[in-house]
Amino acid sequence: MAIQKTQAILLAKKEIRQTSCIVSFYTKDFGKIKGLIKGVRGKQAVFGLYLQEFSVYDIVYYEKKHRDIHTISECDFKQAFRALNSSFERRLWAYYALELTDRLTPLEDKNAKVYELLLDTLNSLNTGQYVDKAIIAFQIKFLEYQGYMPQLESCVNCGGKLPQDARFSVRLGGLLCAKCFSADIQSFGATQGAVFSMKKLVQTQFSDMPRISIGEKLRDEIAILLDRFILYQTGEHLKTKRFIQNVIASEAPACR
Ligand SMILES: [Zn+2]
């Protein structure tokens, strides 16, 4: 039974008894892990610092070979993205980023880029900087880093050159050339601007995000394309996404 130490972002927690919970962390060194924390008591619990959402922890856990759930023995609070508490919308998007990561990452598959991406995304939502781009940047980069990136360079069906008015196939995972439109009758139009911007977002660091200009119309097109593609990958709407669509979209101007 190996003892592991790492930094970890809390993805989800589920209380199973008053003082125990099953948690899902995305760790810097081991990818996503699940663990049991027993005896959530003491100073940290009293001061409300224990297992807060949108927080980073230093954790120690006993790795149980061939078991999905390890025993977490230490969980020290390290950093919180507290300003998220001041914005309902940004909080929801932060929950969405955590839920998508939890849903589409396999257990114990180290991916330092995903870890950094989560930190960058939470930081951007926390500070409220370029929030409009942060979510689509998170989505497209996450797809790229996890190996789900749709094919945007050539026709996903025949490998041929793409026309200006290519169509996007969610099912086939990429763009279709004119002669392959019939390969997926549910494919839909994707503008050159949207394709260009998605490629640009993948290549751009979060710190350079202010330099990219994506108009509202283009952003909406990319958001719809990515939502449909991610829905196909997850098989069902994420809980947070459903909530965002049902509540925020009907109430006030959306933040994207
Ligand atoms: Zn083709």
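**View 1. A hairpin of E1 and E2.** Strands E1 and E2 form a hairpin with two residues between them; helices (H or I, at least four residues) and strands (E, at least two) are DSSP runs, numbered from the N terminus. E1 and E2 pair in the antiparallel sense over eight bridges, where pairing requires that DSSP finds at least two bridges between two strands. Look for Arg17, whose bridge partner in E2 is Ser20. This is a predicted model, in which local features need pLDDT of at least 70, side-chain atom pairs count only at pLDDT 80 or more, and totals for chains, interfaces and linings use all residues. Residues are numbered from 1 along each chain as its sequence is written, and side-chain values use heavy atoms, leaving out hydrogens and water.

**View 2. The closed barrel.** Five strands make a closed barrel in the order E1-E2-E3-E5-E4, with mixed pairing. From one strand to the next, the twist averages 45 degrees (axes are lines fitted to C-alpha atoms, for helices over the stretch in contact, and angles run from 0 to 180 degrees between N-to-C directions).

View 3. E1 and E4 are antiparallel partners over eight bridges, and Gln4 has Tyr61 as its bridge partner in E4. E3 (residues 31–37) and E5 (residues 69–80) instead pair in the parallel sense, over four bridges. Here, Leu36 has Thr71 of E5 as its bridge partner.

**View 4. Helices on the sheet.** Helix H2 (residues 88–104) lies across E1 (2–17), E2 (20–27) and E3, at about 110 degrees to E1. Helix H3 (residues 112–127) packs on the sheet and touches E1, E2 and E4 (55–63), with contact meaning heavy atoms within 4.5 Å. The direction of H3 makes about 55 degrees with that of E1.
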